[in-house]
There are 2 protein chains.
Amino acid sequence: MTQEMIDKAGYEAALQAARAGAAEGGVPIGSSLAGAEGVIAAGHNRRVQQGDPTAHAEIDALRAAGRRSSYRDLTLYTTLAPCALCSGAIVLFKIPRVVLGEDRTFGGEIAWLRERGVQVEVLQDERAQALMERFISEHPEIWNEDIAEEPAGS
Amino acid sequence: MTQEMIDKAGYEAALQAARAGAAEGGVPIGSSLAGAEGVIAAGHNRRVQQGDPTAHAEIDALRAAGRRSSYRDLTLYTTLAPCALCSGAIVLFKIPRVVLGEDRTFGGEIAWLRERGVQVEVLQDERAQALMERFISEHPEIWNEDIAEEPAGS
């Protein structure tokens, strides 16, 4: 597979996972890991489904991939700019490259990832953005909880 | 409870969790969350036990605490300096204060936590250090895997 084919398969797996999360009533963010062997794992945010605040999409995908001694040949795909938790996982596991859907609904830690030497590519995918815009509009309190934003005046 | 009493209860809960992890044959790192109401959750590294690379002690404790809208009245206790993954969780969830056992066997991301405004206190607890020294000496390959360090020449 060319890198372009891997990227297409990896990102579409992340988007499919985000849609699965949306269908379950959860935060619609998906993620996957892929390399020369194709997509090796995918996951999506399960805060609502499992009551687990650490079950962000990227963490769920890393869990699904299981124990590994190295991530240096993999790219992490995600539909949204990674937050500090997921960026921390990327830095810890030395994942060299991240391809993400959009950074318009949430800016995440892209600058910090780049500071730490991670290659970050932003697709600005309107499908991913539309999923997030709808969820934030319908469930602002769950989204604020997911990124630990407290409503003004609280 | 005074803050000193909370700190003692919180840190001892983290140390007890680390020892439980050691008894299970896992990476001996423990963590807890505590506030004015006392210890609200504890956890330990379960990479070996659950085959989950994201199950660091702090993540396990945050999972055990469940969904919360705020962490601003809590301190996170951990027996070892938090890695990038766990520091990312602390930054994301705006946990204002971290009390940790030791930073001699692993330096973690203390400088970055402080840059992000987190108050970090280091106890240099020899009990925690001895647990880690023994594990690193007996299972260097599992420890390297846990922090994504590849052996030289690999």
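A residue counts as buried when its relative accessible area is under 20%, and I kept that cut-off at hand while going through this predicted model.

**Entry 1, a single residue.** I looked up A:D60 and found it in helix α3 of chain A, which spans residues 57–65. Its relative accessibility is 8%, so I noted A:D60 as buried. Leaving out residues up to four places away in sequence, I listed A:A42, A:G43, A:H44 and A:R46 as the residues that A:D60 touches.

I then superposed chain A on chain B, which takes a rotation of 180° with 0.0 Å of shift along its axis and leaves an RMSD of 0.0 Å. The two copies are therefore related as by a two-fold rotation axis. I also recorded that 100% of the contact residues of chain A recur in chain B, the same surface serving both copies. Within chain A, the residue that comes closest to the rotation axis is A:G88, whose C-alpha lies at 2.4 Å.

I found 37 residues of chain A in contact with 37 residues of chain B, and about 3100 Å² buried between the two chains, of which 57% is on carbon and sulfur atoms. Between chain A and chain B I counted 10 salt bridges; one of the salt bridges joins B:E149 to A:K94, with 3.6 Å between the closest N and O atoms. On the side of chain A that touches chain B, α2 (47–50), α3, α4 (84–92) and α7 (140–146) each supply at least two residues, and the largest share, 6 residues, comes from α4(A). By type, I divided the residues of that side into 16 nonpolar, 8 polar and 13 charged.

Technical notes. Residues numbered from 1 in each chain as written. Chains lettered and ligands numbered in written order. Predicted model: local features only at pLDDT ≥ 70, side-chain atom pairs only at ≥ 80, totals over all residues. Heavy atoms only, no water. Helix = DSSP H or I, 4+ residues; strand = E, 2+ residues; numbered from the N terminus. Buried < 20%, exposed > 50% of the residue type's maximum accessible area, 1.4 Å probe, protein only. Contact = heavy atoms within 4.5 Å. Least-squares fit on C-alpha atoms with pLDDT ≥ 70 in both. Buried area = accessible area lost by both parts, 1.4 Å probe. Salt bridge = Lys/Arg side-chain N within 4 Å of Asp/Glu carboxyl O. Nonpolar A, V, L, I, M, F, W, Y, C, P; charged D, E, K, R; others polar.
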